[in-house]
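Try each task before reading its solution.

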Protein chains: 2
Amino acid sequence: MKNRITELFSVKYPIIQAGMVWCSGWELASAVSNAGGLGIIGSGSMYPEILKSQIQKCQAATNQNFAVNVPLFYPDIDKHMEIIIKSKVPIVFTSAGNPNLWTKELKKNGIIVVHVISNLKFAIKAKNAGVDAIVAEGFEAGGHNGKEELTTFCLVPLIKKNVDLPLIAAGGIGSGKTMLSAMVLGAEGVQIGSRFVLSHESSAHINFKKAIINSKAGDTVLTLKELTPVRLLKNPFYDKIEDAYLKNKSIEHLRELLGRGRAKKGMFEGDMESGELEIGQISAYLNRILSAKEIIDEIMEEFKISIKYINEL
Amino acid sequence: MKNRITELFSVKYPIIQAGMVWCSGWELASAVSNAGGLGIIGSGSMYPEILKSQIQKCQAATNQNFAVNVPLFYPDIDKHMEIIIKSKVPIVFTSAGNPNLWTKELKKNGIIVVHVISNLKFAIKAKNAGVDAIVAEGFEAGGHNGKEELTTFCLVPLIKKNVDLPLIAAGGIGSGKTMLSAMVLGAEGVQIGSRFVLSHESSAHINFKKAIINSKAGDTVLTLKELTPVRLLKNPFYDKIEDAYLKNKSIEHLRELLGRGRAKKGMFEGDMESGELEIGQISAYLNRILSAKEIIDEIMEEFKISIKYINEL
C-alpha cells in the first residue's frame with residue numbers, strides 16, 4: 001500500500017501506534033516500527049533525561065523511522081524539544097496545544113511534524129502552522145480528548161472535506177475492519193492506541209491490561225471536562241469523581257481530587273483502586289495480549305479480508 | 001445489492017430513513033420508499049387519530065413497504081399499536097423501551113419488528129424478544145440516545161460480533177462514504193435521520209432546516225442525561241439548560257424547563273429561540289435541501305464511487 005502517509009513516514013503500513021503516557025516507551029515504539037508501522041514514544045510522562053535515554057534505546061532497537069509525541073502544554077517542553085532536535089528524531093507528533101508554538105522550529109531542523117486535533121478549527125490552525133499531516137481524533141479515543149465530542153465517524157469526513165493534508169484517523173480503531181472503515185471516511189492512515197496497550201511490549205502494568213480485557217461496553221467515560229476532558233476506565237477513583245459531580249463540588253476540588261501522579265499510579269504501577277486508567281471505548285472489544293508484530297499482522301490480514309468482503313456486497 | 005436487510009424489507013437499497021418526531025410524516029416516508037429505501041413514519045409526535053390518517057396517506061402514496069417507528073414509552077401506545085395492526089403496516093421499528101413489551105404481539109400479526117438499541121445489553125434483550133433486526137445507534141445520532149455514549153465506530157462492530165441478527169447502523173451516516181464505512185464495520189443497512197430532515201418532503205420547519213445548514217462542528221450536544229439523553233442543536237433554549245446545570249439545579253427543575261411541546265415548537269413551528277431542535281452531529285456536514293429521491297440517488301452514487309476508491313488503495 002502506498003499513499004501520502006506511507007510516503008511521508010517511509011513506512012510499510014499506514015498504522016501509527018499512538019503516543020500514550022506510561023504505556024508507550026522505546027520497547028513498544030521500536031517493535032511497531034520494526035513490524036512495518038510507525039511507533040511513537042509518548043513523552044508526556046517522561047522527564048527530559050528519561051526521554052533522552054528512551055530515544056537512544058529506540059534508535060538502537062530499530063533502523064526504521066519512529067516518532068515522539070509531545071503534549072504542547074508540557075511544562076518542560078523546551079528541554080524536550082531540544083533533546084528531540086539534538087537526537088535527530090525524524091518525526092514529532094504534537095498534541096494538546098497551539099500548533100504555532102513549535103512547528104516552524106521543528107521543520108527548520110528537518111523534522112516532520114504531525115498535529116493531533118479534535119475539531120475543524122484546530123485542523124485549519126494546524127494547516128496554517130505548516131504541519132505535514134493531521135491526526136483527527138474522535139470522542140471514542142482514550143486519554144485526553146476534545147470539548148466538542150465529535151466522533152470519528154463525524155470528524156474524519158469533516159476534516160477530509162475542509163483541510164487538504166494527509167489525514168490520520170484516531171479513536172475507535174483497533175482492527176483491520178475499523179482501519180478500512182476509517183480509510184473509507186477519507187483517512188490515509190490510522191492511529192491506534194488501546195489495542196497497543198494490550199501488547200507485550202507496552203509498559204502498561206499487567207493489572208491494567210487485565211482490567212482492559214475484563215472491561216465491557218460502557219465501562220469507559222469521558223470526564224473531567226472542566227479541566228481537560230479525558231476518557232478513562234471506570235474504577236473506584238472514577239467513582240470519587242462521579243460523587244464529586246453529584247455533590248456539585250468546585251473545579252478546584254476536582255483538580256485536587258485528580259492530583260498528580262494518578263495516571264502513573266494506575267497505568268504503570270497497577271493500582272486499580274486509586275489510579276487513573278486512560279483507555280478508549282474499544283477496550284470493550286479487546287481481549288488478548290499479543291506482540292506488536294502480531295497485532296499489526298492481524299490488522300493487515302483483516303484489512304485485506306474486509307476489502308474482499310466489500311467487493312462481495 | 002442483496003443482503004438480509006434488503007430481503008427482510010423487500011427494498012432496493014438498504015437505506016432506512018429514521019422515524020423522527022415532527023420531521024417524518026407520510027410525505028417523507030412514502031417518498032423514501034418510492035425511491036428504493038425504507039421510509040418510516042415517526043409516530044412519537046402523533047396522536048392516534050393523526051397516526052391513522054398518516055398511515056392511510058402513506059399507503060395511498062406508495063405501493064412499496066414502509067414502517068412506523070414507535071417509542072415504547074409513549075403513553076398512548078396501546079392505541080398506536082392497535083391502529084398499526086389494523087392498518088396492516090408491514091414493518092414496525094420500536095425504540096426507547098423494553099422490546100419484550102410488543103414484539104410477540106406484532107409478530108403474531110405478521111409484522112416485521114426491528115428494535116433500536118444503543119448498547120450490547122439491549123441488543124441481546126432484543127434478540128431474545130424475537131425481533132427480526134436491530135438498529136445500533138451511536139452517540140453521534142440526533143434525538144434520544146443511550147447512556148453509555150458508545151459511538152457508531154465502537155457500537156456496530158461490538159453488536160456484529162455478539163448478536164447474530166441483520167444489523168442496521170445509525171448515527172453519523174448521511175452519505176455514500178459513511179454508508180460504506182458502516183457496512184465495513186458489519187452493518188447490512190443504514191438508518192439515516194439528519195440528512196432526510198433536509199429533504200423537501202420532511203415536515204421540519206424551514207427555519208429548522210436553515211439552522212441545520214448554518215450549523216458548524218460542535219454545535220450539537222448530548223444533554224439532559226438525567227432525564228432522557230437527547231442530542232440537539234445549541235440555541236437560546238439550550239443556553240437555559242446549560243445555565244441550569246451551571247447553577248446545579250435539580251432534575252425536577254430540568255424537567256420543568258423542558259416542559260411539554262418544546263420539540264414541536266422548534267422543529268415543526270420554527271421557533272429557533274425557545275424550541276428544542278433534535279439533530280445529529282453530522283448537521284455540520286449538511287448544506288443542501290434536496291428531494292428524498294435525490295438524496296438516495298446521491299448516496300448510492302457516492303457509495304459506488306467509494307467502493308472503487310477502496311479498490312485503488
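The domain bounds used below come from an automatic or database domain assignment. Keep in mind that this is a predicted model.

**Exercise 1. Find the two domains of chain A and describe how they meet.**

Step 1: Begin with the bounds. Domain 1 of chain A covers 4–203 + 284–311, and domain 2 covers 216–282.

Step 2: Look at the contact between them. Domain 1 of chain A contributes 23 residues and domain 2 of chain A contributes 18 residues.

Step 3: Ask which elements are involved on the domain 1 side. Strand S7 (143–144) and helix H9 (194–197) of chain A each provide at least two residues there.

**Exercise 2. Trace the open sheet of three strands in chain A and work out which strands stand at its edges.**

Step 1: Write down the order. In chain A the sheet runs S7-S11-S10, with antiparallel pairing.

Step 2: Read off the edges. S7 and S10 of chain A each have a single partner strand, so one side of each has no neighbour in the sheet.

Step 3: Check the pairing of S7(A) with strand S11 (residues 230–233) of chain A. The two are antiparallel and joined over two bridges. Here A:His144 stands opposite A:Val230 of S11(A).

Step 4: Move to the other pairing. Strand S10 (residues 220–223) of chain A meets S11(A) in the antiparallel sense over four bridges. Among the partners, A:Val221 is bridged to A:Leu232, and A:Thr220 to A:Leu233.

Step 5: Finish at the hairpin of S10(A) and S11(A). Six residues lie between these strands, and A:Leu224 takes a positive phi near 50°.

**Exercise 3. Describe the side of chain B that touches chain A, and find how the two copies are related.**

Step 1: Count the residues. In this interface, 34 residues of chain B contact 34 residues of chain A.

Step 2: Name the elements of chain B that give two or more residues. They are helix H7 (152–162), helix H8 (176–184) and helix H14 (292–311). H8(B) gives the most, with six residues.

Step 3: Sort the chain B side by class. There are 19 nonpolar, twelve polar and three charged residues.

Step 4: Superpose the copies. A rotation of 180° with 0.0 Å of shift along its axis brings chain B onto chain A, at an RMSD of 0.0 Å. The two copies are therefore related as by a two-fold rotation axis.

Step 5: Locate that axis from chain B. The C-alpha of B:Ser181 is the nearest to the axis in this chain, at 2.3 Å.

Step 6: Compare the two surfaces. The copies meet through the same surface, because 100% of the interface residues of chain B are also interface residues in chain A.

**Exercise 4. Decide whether the radius of gyration of chain A agrees or disagrees with that of a compact globule.**

Step 1: For 313 residues, a compact globule would have a radius of gyration near 20 Å.

Step 2: Compare. Chain A has 18 Å, which agrees.

Step 3: The C-alpha trace of chain A spans about 55 × 50 × 40 Å along its principal axes.

Step 4: Complete the picture. Chain A contains 14 helices and eleven strands, and 56% of its 313 residues count as buried.

Terms used
Residues are numbered from 1 along each chain as its sequence is written. Chains are lettered from A and ligands numbered from 1 in the order in which they are written. This is a predicted model: local features need pLDDT of at least 70, side-chain atom pairs count only at pLDDT 80 or more; totals for chains, interfaces and linings use all residues. Two residues are in contact if their C-beta atoms, placed from the backbone, lie within 7 Å. Two strands pair if DSSP finds at least two bridges between them. Ala, Val, Leu, Ile, Met, Phe, Trp, Tyr, Cys and Pro count as nonpolar, Asp, Glu, Lys and Arg as charged, and the others, Gly among them, as polar. Copies are superposed by least squares on the C-alpha atoms of residues with pLDDT of at least 70 in both. The radius of gyration is taken over C-alpha atoms; the globule rule is 2.2 Å times the number of residues to the power 0.38. A residue is buried if 20 or more other C-beta atoms lie within 10 Å of its own, exposed if 12 or fewer, and partly exposed in between; C-beta atoms are placed from the backbone.
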